[in-house]
Amino acid sequence: MLFLDHIYLIPLFPAFGAAMMFFFGRRLQKATVNAVCVGAVVIAFLFACFTVVEYTHYAHGTGQPFQKIVYTWLGSGDSQFSFVKKDGTMAQINADAGFLLDPLSSIWLLFVTGVGMLIHIYSTGYMAHEGGYYRFFGYLNLFMFSMLTLILANNYMLLFVGWEGVGLCSYLLIGFYFHRKSASTAANKAFIVNRIGDAGFILGALTLSWYLGSFRFIDINAAALSGAFHRGDPVLTVAALLLFVGACGKSAQLPLYVWLPDAMEGPTPVSALIHAATMVTAGVYMVARSNAVFVLAPNAMKTVAIVGALTAVFAASIGLVQNDIKRVLAYSTVSQLGYMFLALGVGAFAAGVFHVFTHAFFKALLFLGSGSVIHAMSGEQDMRNMGDLRKRIPITFWTMFIGMLAIAGIPGFAGFFSKDEILWQTWSSEGGAYRILWFIGIATALMTAFYMGRLIFLTFFGQARMSHETEHHVHESPKSMTGPLVALAICSVFAGWLGLPHSLGGTNRFEKFLEPVFATEAPVMRAEEPAQLAAGQKEEERTDPMEYGLMALSILVGIAGLMWAHHVYSRAGKDYVEPIAAKAPPLYTLLYNKWFVDEGYDYIFTGRRKLGKVRLGVMGAGEASSWFDAKIIDGAVNDVGWVTRAVATLSTWWDKWIIDGVGVNGPAILARMLSYPMRLLEWGLVQWYALVMVFGLLGFGVYYMWK
Amino acid sequence: MTDITTLHYLVVAAALFILGVIGVLTRRNVVIVLMSIELILNAVNLNLVAFSRMWGNLHGQMFAIFIVVDAAAEAAAGLGILIAFFRNKETVNVDEIDLLKW
């Protein structure tokens, strides 16, 4: 229990690295920065491995969660902070600095630290010649800290802390080249769009805690499954939908996906770590973590599935025609995240998590590979100016080729197992209600294979289309970069084998491991809808011959996509033609401009568009209502004020001149004027008074003597 | 050599009184004015003492003693006012003291 009891140390290792960079980074040598930051993540990875090993001994395969509450930072046992639940009873707010390890967080813990470690190592090579070296690694470590907090949190509040932390780090790292206007704009965009999602998330979490009486996942799951709530409970549906809004923001789903492609402004290792492998899967993690609630909200589940499927096909369609190598991968990431949500939405939580797991490896691999290509191409990112790099940077080529096979769903590689599992679950769940989504999924699979093939063939095959100077500089990346590529390539092959399905003679150990976390839906369904018992019998359905048929179809689709891309692009010269542009120019324009979504948002939300002097969209409405408020409402208020003021002025004048002037001061002035002669008698010299007195007395004396 | 009658006293007292009045009316220095007031009071005292002698009783003398006491008190109060006034105006000239008016 040595490691389990000190599970809180896992996020603290990278936090220490980040703090070191913050306080002393400027003065440190690159070697020291490497030792501290990469070292911290390596230690965290090893620690996480030992912790998970201990956990498996602790749980004995029951999936019993391990909870370690360090302290409660909001509320306490003395019920200082409590609130009234909807049933009138009091409940305590308990937001802990607490850590929860169960199969779900174990998986995230392992691949976040593992992939994170590889990307840290890769970055030492990739960033070697960049300024702000210590700043970069400080941010990366801060990100690792936040992400580990997010996945190890035992309650929604601490999860939210991590959730915001990764958002902040994402912002900082997208804007790493902040002197570039486009980078700082992209960082702002990411942050602001995420904020919309965050608002949904916090509202959802608070609704849940109000309704179910706790922030802690364990309590919430227990409450949701207690049978006190029926399936389709409106409040739970609202809470689940709000949580999904949060997931849409963080995991780049429609309609909030727009920040992720722009996030490619950041350094490539950041794109690999944050915007492909780890942070963007936080939404998937959160929905999977709240599975007990989502299971009780079938409408929310439907929404998740539909949004996921639409995002998958939408992003893939854009990815077909993009020319920036990183943007293709970004849209691919959005599309794959759509797959994950599709899986969650149809109730195949384990399949969704499995796809997160395999995707983390092959997408990190593809991104790092693209970074290696960009490195070789002296910073060039446009695939139109690449070509024929296969022989010149062979390690990058072969590892990326494996990544392509994995994401295209070629059997034997990781992506095949997870994607096929999702498609099969989509086909078979809910008695086939989601088959339309399956068609979308399979169409997306075809597009995925095509655009990945396009990326590889344009970059590594055909004629060299770069300038001579760039061509002269092409070189394989250093070992610190190719090492992680090879490691990730190996994972991209074998990670999928953990979830070898029953139909292929495997035991699907991955889902077995996760089963305790997600098995919770069965009892609810049994209690509520006996007709759904069939859903609990998926085990038997697994040998359905249909599954083999669909599997064959998806393999066929994957191969077809790759072959088509090979046919079109493998001999691409300087004047190659995009097939879509040749066949359907309007469609090409639409896709090339990303369905004009950003422009549409400009019209509707950002207020950058004007019609004459009038701003359009929500901001325009805001401006109009601001104008109405300032001119009409405030104008009326000011007019009333003006009238009052005028009346008051008049009344003041009346009071001052008529009342005070004539009534009060008038008599006073009169008295003063009349008294003037009297006052002349008093002139202040005592001796004169005395003289008057003497002569007066003399006068009286003389008068009386003579009388 | 005639006897000194009451009339003699009265003439002296009248002379004294007129000297005092002239002093009060003409001198600018307040100290002199106060001294002139003493002359007036003493003229009155002389009258009173003279009448006391004429009537052969002590009523007048008693009044005279009262007036002496009163003169002392008046001198003390007057000088006190004078000093206070001098501190403010730095003058003891009575024609410059003209505050006692409307």
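## Chain B: contacts and overall form

Take the contacts in chain B between residues at least 6 apart in sequence: 47% of them join residues at least 24 apart. A contact here means that two C-beta atoms, placed from the backbone, lie within 7 Å. This is a predicted model, where local features need pLDDT of at least 70 and side-chain atom pairs count only at pLDDT 80 or more, while totals for chains, interfaces and linings use all residues. Residues are numbered from 1 along each chain as its sequence is written, with chains lettered from A and ligands numbered from 1 in the order in which they are written.

Chain B runs α-α-α along the sequence, with three helices and zero strands. Helices (H or I, at least four residues) and strands (E, at least two) are DSSP runs, numbered from the N terminus.

## Chain A: the overall picture

Chain A has 31 helices and six strands. With a radius of gyration of 37 Å, well over the 27 Å that the globule rule gives for 707 residues, chain A is more spread out than a compact globule. The C-alpha trace spans about 160 × 70 × 55 Å along its principal axes.

Buried residues are 49% of the 707 in chain A. Of the contacts in chain A with a separation of 6 or more, 80% come from residues 24 or more positions apart.

## Helix 15 of chain A

Helix 15 of chain A covers residues 325-345, and its 21 residues reach 30 Å from first C-alpha to last, close to the 30 Å expected at 1.5 Å a residue (that is, 1.5 Å times one less than the number of residues). The helix is mostly covered, with 21 of its 21 residues buried. Just after helix 15, Gly347(A) takes a positive phi of about 90 degrees.

## Where the chains meet

The contact between the chains draws 11 residues from chain B and 10 residues from chain A.

Technical notes
A residue is buried if 20 or more other C-beta atoms lie within 10 Å of its own, exposed if 12 or fewer, and partly exposed in between; C-beta atoms are placed from the backbone. The radius of gyration is taken over C-alpha atoms; the globule rule is 2.2 Å times the number of residues to the power 0.38.
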